[in-house]
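Biologist: I would like to learn how to read a protein model. Please take one feature after another.

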Amino acid sequence: MTKTVAIIGAGPAGMAAAYFAADAGAQVFLYEKNPVIGKKLIFVPWDGCELTHSGDTDDFMENYARGAEFIRFSLEKFGSKQAIKFFKGLGVELSTNEDGIISPASGGSPSVQKAFETKLTDMGVTFCISSKVQEILTDGKKVTGVEVHNLAKPFDRVIIATGGAARPKLGASGDGYRFAQTLGHNVIDPLPAMSEVETVEKLGKFLGGMSFPKVTISIYQNHTKILDRTGPIAFTEHGVTGNTILFLSGIISRLNDKNKVEIGIDIAPQITRDLLEKELIAKSANSNHYSVGEIITNYIDKRMLPVLSRFFRIQDSKPMSHITNLERKGLLLFLKDFRITVKKVKPFHVALYTSGGVDTSEVNPKTMESNRIKGLYFCGEVLDVDGGPGGYNLHSAFATGFIAGKSAGRRTSSRKNSAENENILVDTAPESDAIEIENHNTLGKETAANPSNTTD
Ligand SMILES: Cc1cc2nc3c(=O)[nH]c(=O)nc-3n(C[C@H](O)[C@H](O)[C@H](O)COP(=O)(O)OP(=O)(O)OC[C@H]3O[C@@H](n4cnc5c(N)ncnc54)[C@H](O)[C@@H]3O)c2cc1C
């Protein structure tokens, strides 16, 4: 029998889920509390819309600070190739930059939102805009429907695609967390991610506005190193940002919750500490005519020099041959482990993403179905999956939307047999011939309505 599926939230995850649930033969209702679908997507800057990435599964896995193992299956079924094919099918032309980031070739993020709107309308998806889902209805074991506008609406399956807690003005309200918790799910404390980190040290005066393409950043909690990552950093008026910091910011948020967190910056990652120490000793002995500044700019950008006198009290004009052992140690710290202290990660109203969310250990990674309530599915930012810059967060929204939509949309129970689940997903992945992007179902056409003026 054809299944009825309610999707709560018309962001990238909900729209992808709607596509694939409708494609699987379900009658789909897409509930969105905003008067437009994909509001956050529209606000992704045109010139910076990182839709997905050209990397393979291993590359993707390295770019999730949380939840990578959980979404491995989604990434294998809906990776870069499938995403490219999917967007071409939607009519979105893509371009790939030198870093492998894939963006709309023209029209920016609004062109993606428009393409979804057109395709989903054509597929017979019913848009219920300005319709805030208040509750998810169950019989205690399985989903029975949703409550909207104080009315109970029966559904066979419900997909929670409500997004996270970042940017409340664009629709983030934490409703998905509340729904999940009410139904017995654990929610990992949602904290700001993909956000600038403010530091105790006032670096802005010396380094504000400068960026460096390759440093190694280590995170320390109570002086114990937790992890490191190499990549670009940028200094702001009040702290640090750039792709490496943005990737790490969710982790920093969590560590900084109760403990002191420091960021150690290795500004000369191309040389080991031991070798650098040997070279500095040799240069102190042999470099009568050279200043400290002239020597260390062999290793680092000269724009960093003001930090040396301010934070390490070593004048860069001092002759290298005159430095003391203590000063040489200071130079090593400056070059290899320049520590700054985290004040805070900038909060949700400016963060681009959420670290934390619905505990993925309670969700089946092959179907996105709840392990607690039958017929309940999750996708997108509401899950405890945290990706870095480069298109990884939008990609995980699409990939988990693909799995959730396919699973919720099919006629058989997704709990029946997990091997069968996997086969269904393999057979219908967009890369395979079994799915034709244009060949979607027409169920629900009778109920499809113009998204611009429909409320449920
Ligand atoms: C400015 C900005 C730029 C970004 N740029 C990028 C980028 O270039 N690349 C990238 O990978 N990521 C980017 N991101 C992150 C990306 O936007 C998110 O990863 C993505 O939007 C998550 O999709 P989602 O569908 O899970 O959630 P959302 O997009 O947040 O959608 C959830 C939807 O659910 C609706 N909703 C919530 N509760 C209810 C309810 N009770 N009833 C009905 N509807 C409800 C909300 O109104 C919302 O429309 C950016 C984020 C921001 C803020």
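Predicted model: local features only at pLDDT ≥ 70, side-chain atom pairs only at ≥ 80, totals over all residues.

Biologist: What holds the strands of a sheet together?

Modeller: Strands of a sheet pair through backbone hydrogen bonds, and the pairing is either parallel or antiparallel.

Biologist: How many bridges join S8 to strand S9?

Modeller: Five bridges join S8 to S9, which covers residues 143–148, and the two run antiparallel.

Biologist: What lies between S8 and S9?

Modeller: S8 and S9 form a hairpin with four residues between them. In the turn, Gly140 has a positive phi of about 100°.

Biologist: In what order do the strands S3, S5 and S6 form an open sheet?

Modeller: The order is S3-S6-S5, and the pairing is antiparallel. The edge strands are strand S3 (52–53) and strand S5 (94–96), each pairing on one side only. Two bridges join S3 to strand S6 (residues 101–104). The bridge partner of His53 in S6 is Ile101.

Biologist: Now the ligand. Which residues come nearest to it?

Modeller: There are 39 residues around the ligand, and Gly9, Gly11, Gly163, Gly171 and Gly380 come nearest. Helix H1 (12–23), helix H2 (39–43) and helix H14 (392–409) are the elements that give two or more residues to this shell.

Biologist: How many residues of the shell are nonpolar, polar and charged?

Modeller: The shell divides into 18 nonpolar, twelve polar and nine charged residues.

Biologist: Last, a single residue. Is Tyr377 buried or exposed?

Modeller: To decide, count the other C-beta atoms within 10 Å; 20 or more make a residue buried. Tyr377 is buried because 30 other C-beta atoms lie within 10 Å. Its place is in strand S20 (residues 376–378).

Biologist: Which residues is Tyr377 in contact with, leaving aside its neighbours within four places in sequence?

Modeller: Tyr377 is in contact with Arg157, Ile159, Met368, Glu369, Ala404, Ser407 and Ala408. Take Arg157 as an example of how sequence and space can be read together. Tyr377 and Arg157 are 220 residues apart along the chain, but their C-alpha atoms are separated by 7.8 Å.

Technical notes. Residues numbered from 1 in each chain as written. Pairing = 2+ DSSP bridges. Near = placed C-beta within 6 Å. Nonpolar A, V, L, I, M, F, W, Y, C, P; charged D, E, K, R; others polar. Buried ≥ 20, exposed ≤ 12 C-beta atoms within 10 Å, placed from the backbone. Contact = placed C-beta atoms within 7 Å.
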